[in-house]
Amino acid sequence: MTTAATPASLGRMPRQIKYIIGNEACERFSFYGMRNILVPFLISSVLLQYLPQGGDREAMAKDVFHTFVIGVYFFPLLGGWLSDRFFGKYNTVLWFSLIYCAGHACLALFEDNRTGFFTGLFLIALGSGGIKPLVVSFCGDQFDQTNKDKAKLVFDAFYWIINFGSFFASLFAPLLLRNFGPAVAFGVPGVLMFIATVIFWMGRKQYVNVPPSGNDPDSFLNVVRTALRERRAGQGNAGTLVAWGGIAVAALMLVLWALKALGVGLAWWPDSFGFVITACLALGMLIAFGGWGASLQLDRARGRHPDAAVDGVRAVLRILIVFALVTPFWSLFDQKASTWIIQGNAMVIPHDQWWWPSWLVKEPAQMQALNPLLVMLLIPFNNIVLYPLLRRMGFVVTALRRMGWGIAISGASWIVAGVLQLWIDGGADVSLAWQSLPYLLLTFGEVLVSATALEFAYSQAPHAMKGVIMAFWYLTSTFGSLWVLLTNAGVRNDGFRAMIAQTGMSEPAFLMFFFAAFAFVAALAFALYARTYPMQDNYRIAT
C-alpha cells in the first residue's frame with residue numbers, strides 16, 4: 001500500500017544529477033588548468049615585454065593573477081542577483097557558461113596579444129564568477145522531501161570532483177604549457193569548458209527549475225535601507241551619518257582615481273592604485289561603514305519588517321566581522337599559485353633522486369597538485385582521528401577555534417616558505433621537494449578555515465539570509481587578493497624598498513615573513529572576537 005508521504009529513504013536519485021556532476025568535473029579542470037599556468041606563462045610571455053626581465057616581470061605577473069582572482073570572486077554577486085531577480089539558475093548558468101567558453105577561446109587565440117588575452121581573462125572571471133554561487137544550489141533544487149537523504153551523497157561527490165579536477169589540472173596543465181605551448185595549454189581547458197556547457201545543456205528537459213524569487217521586500221539590503229532611513233523622535237542618527245561617511249569616502253576614492261587617470265596634477269592618489277584596487281577599497285568602505293551604521297540603529301527596521309528579518313540582518317553583520325578577519329588567510333592561500341610558483345622556479349627539481357617522480361613532475365607549478373591531494377587526505381583524517389582525539393583530551397573543537405587555528409597554521413606555512421627563500425638567497429641549491437612542507441601546513445590551514453567557515457555561517461544565518469552569506473563569503477577571497485595587490489604596490493615605493501634593504505633580506509623573503517605576521521595578527525584578532533561572539537543555532541528543525 002502506498003502512503004501519502006513516501007519515506008525519504010525510498011526516494012530515487014534524480015536522473016538529471018549526472019549532467020550537473022559531469023558539468024562540474026569538466027568546468028573545474030578547465031578553471032584550475034588555466035589558473036595554475038597563468039603566472040608561469042605571463043612571466044615568460046611577450047605580453048609583459050614592455051617590462052624588464054626579473055623581479056618587475058614577476059611582480060606584474062602576480063598583479064595580473066590576483067586582479068583576475070578578485071574578479072572571479074566578485075562576480076558571484078552579479079550572477080546570484082541576476083538568477084534570483086530575473087532569469088533563474090538554469091538560464092543564468094547556461095549564459096555565463098557561454099561567456100566562460102568565449103574567454104577560454106581568447107586565451108588560446110591571443111597568446112601574444114595583450115588586449116585579446118586580457119579580454120579573455122575578464123570573460124573567464126565574469127563567467128566563472130557568475131556561475132559559482134549557482135551550480136551547487138541548482139543541484140540542491142533537484143531534491144525534495146522524498147529523496148533529500150541522497151543530497152549528501154551528491155554534495156560529497158561535488159567536493160570530491162572539485163578536488164579531482166584541481167589535482168589533475170595542476171599536474172597536467174604545466175606539462176601542456178611546457179611541451180605544446182600556450183595555445184594548446186589554454187585551449188585544452190577551453191575545450192573542457194565547452195564540453196561542460198554541452199553536458200549541462202543536455203539535461204535541460206529533466207531539470208527542476210525553481211523560478212526566480214524576484215524582489216524580496218524583507219531582503220538584507222531592504223532591511224538595512226529601512227534602518228538607515230527611519231527617523232525616531234528624540235533619537236540621533238549616528239548610524240545614518242556613519243553610513244553616509246562611508247559612501248563619501250568611497251566616492252572620494254573613485255573621484256581621486258579618475259582625476260589621476262585623467263592626468264589632473266592636483267589629484268592626490270597613489271600612482272600604483274589602479275581601478276581594481278580603488279574599486280575594491282571603495283567597496284570595502286561601503287560594506288564596513290554601511291554595516292556599522294546599520295548595526296547602530298537596526299531596531300528601527302522593526303515594525304516595517306518582520307522581527308525574523310531584522311534579527312537575520314544582525315546575524316549577518318556579526319558574521320561579516322568573522323569573514324573580515326578571514327580575508328588575510330586568502331591573501332596567503334591564493335599566493336600558492338603566484339609567489340610560491342615564482343619561488344619554485346628558483347629551486348632545483350631533484351630528478352637525480354630515486355624517489356622523485358621525474359616521469360610526471362617536471363615543472364615547479366605542478367607542486368600545486370599537492371593541495372587538492374592533501375585536502376582529500378586531511379579532511380577524513382581530521383574527522384576520524386584528530387577531532388575525536390582532541391575531544392578525548394578535553395579540548396572543545398568549536399568552529400571558531402578551528403578557523404582561528406587555521407589562520408595561524410597558514411601563517412606558519414609562510415614562515416617555512418620564508419626560511420626556504422633565505423636558503424635560496426644564500427646561494428644554496430634548494431630542492432623543490434622542500435616545498436611539500438609549506439604546502440602541507442597551508443592545506444591544513446585551508447581545511448580548518450574554508451570547510452569550517454561555510455558550516456559556521458550556515459548555522460549562524462537564518463534561512464532567508466543564507467544566500468547573502470554565501471555572496472559575502474566569496475568576497476573574502478576578493479579582499480584577500482586585494483591585500484596582495486596593496487602589498488605589491490607598497491614595495492614599489494622607494495622608501496619601503498630601502499626599509500626592506502636594511503633588514504638584510506631579499507624582497508621575496510621579507511614579504512613572506514610579512515604575510516606570516518599578517519596572518520598571526522589576524523589569528524589573534526580572530527581569537528579575541530571569537531571570545532565574545534554570541535553563537536546561534538539556525539539549523540532547520542526536523543519535521
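A salt bridge here is a side-chain nitrogen of Lys or Arg within 4 Å of a carboxyl oxygen of Asp or Glu. The model is predicted, so local features need pLDDT of at least 70 and side-chain atom pairs count only at pLDDT 80 or more, while totals for chains, interfaces and linings use all residues. Residues are numbered from 1 along each chain as its sequence is written, and side-chain values use heavy atoms, with hydrogens and water left out.

**Salt bridges**

With that cut-off, the count comes to 12 salt bridges. Three of them are listed here.

| Pair | N to O distance |
|---|---|
| Glutamate 230 – arginine 304 | 2.9 Å |
| Lysine 260 – aspartate 271 | 3.3 Å |
| Aspartate 299 – arginine 302 | 3.0 Å |

Where do lysine 260 and aspartate 271 lie? Lysine 260 belongs to helix H10 and aspartate 271 to the loop between H10 and H11, so their bridge ties together parts 11 residues apart in sequence. Helices are DSSP runs (H or I, at least four residues), numbered from the N terminus. Lysine 260 is partly exposed at 30% relative accessibility, and aspartate 271 is exposed at 70%. For these labels, buried means under 20% relative accessible area, exposed over 50%, and partly exposed in between (1.4 Å probe, protein chains only).

Aspartate 299 is partly exposed at 43% relative accessibility, and arginine 302 is partly exposed at 28%. Through shared partners, salt bridges join Asp299, Arg302, Asp307, Asp311 and Arg314 into one network.

**Aromatic pairs**

Rings of Phe, Tyr and Trp (its six-membered ring) pair if their centres lie within 6.5 Å; planes under 30 degrees apart are stacked, over 60 edge-to-face, and the rest tilted. By this rule there are 42 aromatic pairs. Phenylalanine 31 and phenylalanine 68 make a stacked pair, because their ring centres are 6.3 Å apart and their planes meet at 25 degrees. This pair links distant parts of the chain, with phenylalanine 31 in helix H1 (residues 17–35) and phenylalanine 68 in helix H3 (residues 55–74), 37 residues apart. Phenylalanine 31 is buried at 1% relative accessibility, and phenylalanine 68 is buried at 4%.

Phenylalanine 41 and phenylalanine 186 form an edge-to-face pair, 5.2 Å centre to centre with 85 degrees between the planes. Phenylalanine 41 sits in helix H2 (residues 38–44) and phenylalanine 186 in helix H8 (residues 182–202), so parts 145 residues apart in sequence are tied together. Phenylalanine 41 is buried at 6% relative accessible area, and phenylalanine 186 is buried at 0%. Elsewhere, ring pairs link Trp340, Trp414, Tyr439, Trp483, Phe514, Phe515 and Phe518 into a cluster.

Technical notes
Helices (H or I, at least four residues) and strands (E, at least two) are DSSP runs, numbered from the N terminus.
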